[in-house]
Amino acid sequence: MFKFGLPLAILLASAAPVSAQTPPQVKPATKILHESLIVLDTHFDTPANQAVGGFDIRKRNSVADGSQVDYPRMVEGGVDGGFFAIFTPQGPNTKAGNDAARDQAIMRGVVIHEMVAKNSDVFALATTAEDAQAISKAGKRFVYISMENGQPVAGDLSLMQTFYDMGVRMMSPVHFANNDLADSATDPKGPIHGGLSASGKQFVTEANRLGILLDASHASDQVLDQMLDLSKAPIILSHSGVRAIYNHPRNVSDDLLRKLAAKGGVVQINAFSNYMKDITDNPARKAALVELTKTYGSPRDVAPEKREAYRKARQAIDAQYPPTRADMDDLMRHILHAAEVAGKDHIGISGDFDGGGGIAGFEDITYFPALTERLIAAGFSKEDLAKFWGGNALRVLKQADELKAK
């Protein structure tokens, strides 16, 4: 799978340096307020780490090991839960390709269920909006399941029922490259369907029937526009930015942001440097990361006995070729613009953690209270923050479910 000519392994390797600062201390009042809220992130790629041998979600892992989410850091960051993604890299748009994606997605779903089952004293599976509050009151972290990239169901839409029964409550039709359902925002070949394909339109209808929340992150403008017209339930962008702040095809335009809000939808502002500001291209750094990946594999696939050597090699690359990264000021610019254009009832947050996200000053989920402090300083009220940190996302999840009931 490629993103502007870069394999995903290189994109992950280049997204953030292997060392991170300690989260800044926040005011006691901020901590109390933050802990009083239901705080969720709508896009954790953590199951990709969970699928790797040696990863323990009960252990406090490290950004240096390619990990940004685990149970101890959820507690430290005041994070009550989130959507754990069944991510499938886009393969060939053939029957064999779709079948392979289906099989991989099923196995990734099993990984998520095993994570919850093996740690049932601290995690619980959530399938309705009301579950978030109930599980939090029980002293556990809630785990929703989402599907990033619809290729696993593209060859047979009846599989949407299968994944719904597995617990999937959010689905996106497409990822980095076009598939049989829809055009991607970033396929270098350009669009092939002019938005949704015929089966992509059926995908929208079936999601509405089942009560699955539709996610348009990574989709082209035409796909989002058509999904907004077709869907009878609100739509979410689970991890996206705003184009007015940074002109990137992965980000949403003001016109579509207004239309999203008018239809009751939500945009979850992400923290992925490449989608937030101009990142100076450094060919020497890129070449060094390519060689690093050839030696050790993707960051999350590095063998346990080689992680210390990998960490030192990455630190040497970061020291020689310091990466250009977005920071909290950039994140706030995206958030404030989205709040102004869409309104405070239609925004949220996703770090895109464990999937390439993480910026200077917002390295992993332990930094969530620091963002709360920035939001308070920007004038957001406790009621605003309750919506921003989870209320808006849970509202559209509930509306998708209520549509099914009707």
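## Helices α9 and α10

In this predicted model, α9 passes α10 in a right-handed crossing. Helix α9 covers residues 198-210 and helix α10 residues 221-230. Their axes come within 10 Å and cross at roughly 45°.

Helix α9 contributes Lys201, Val204 and Asn208 to the contact. Helix α10 contributes Gln226, Met227 and Leu230. By class, the contact of α9 with α10 holds three nonpolar residues, two polar and one charged.

## Helices α11 and α14

Helix α11 (residues 254-262) packs against helix α14 (residues 328-342) at an angle of about 60°. The axes are 9 Å apart.

On the α11 side, the contact is made by Asp254, Leu257, Arg258 and Ala261. On the α14 side, His337, Ala338, Val341 and Ala342 take part. The contact of α11 with α14 has five nonpolar residues, one polar and two charged.

## The buried side of α6

Which residues of helix α6 are buried? In this helix, residues 129-137, they are Ala129, Ala132, Ile135 and Ser136. These residues cover an arc of only 125° around the axis, so they sit on the same side of α6. An α-helix has 3.6 residues a turn, so residues three or four places apart point the same way.

The cover over the buried residues of α6 includes β5 (123-125), β6 (141-148) and α16 (382-405). Just after α6, Gly139 takes a positive phi of about 85°.

Most residues other than glycine have a negative phi. Asn149 has a positive value, with phi near 90°. Where does Asn149 lie? Its place is the loop between β6 and α7 (151-154). Is Asn149 buried or exposed? Its relative accessible area is 0%, under the 20% cut-off, so Asn149 is buried.

Asp352 also has a positive phi, near 55°. Asp352 is found in the loop between β11 (347-350) and α15 (368-377). With a relative accessible area of 4%, Asp352 is buried.

Technical notes. Residues numbered from 1 in each chain as written. Predicted model: local features only at pLDDT ≥ 70, side-chain atom pairs only at ≥ 80, totals over all residues. Heavy atoms only, no water. Axes fitted to C-alpha atoms, helices over the stretch in contact; angles between N-to-C directions. Helix = DSSP H or I, 4+ residues; strand = E, 2+ residues; numbered from the N terminus. Contact = heavy atoms within 4.5 Å. Nonpolar A, V, L, I, M, F, W, Y, C, P; charged D, E, K, R; others polar. Buried < 20%, exposed > 50% of the residue type's maximum accessible area, 1.4 Å probe, protein only. Arc of directions from axis to C-beta. Left-handed = near helix turned anticlockwise from the far one by under 90°.
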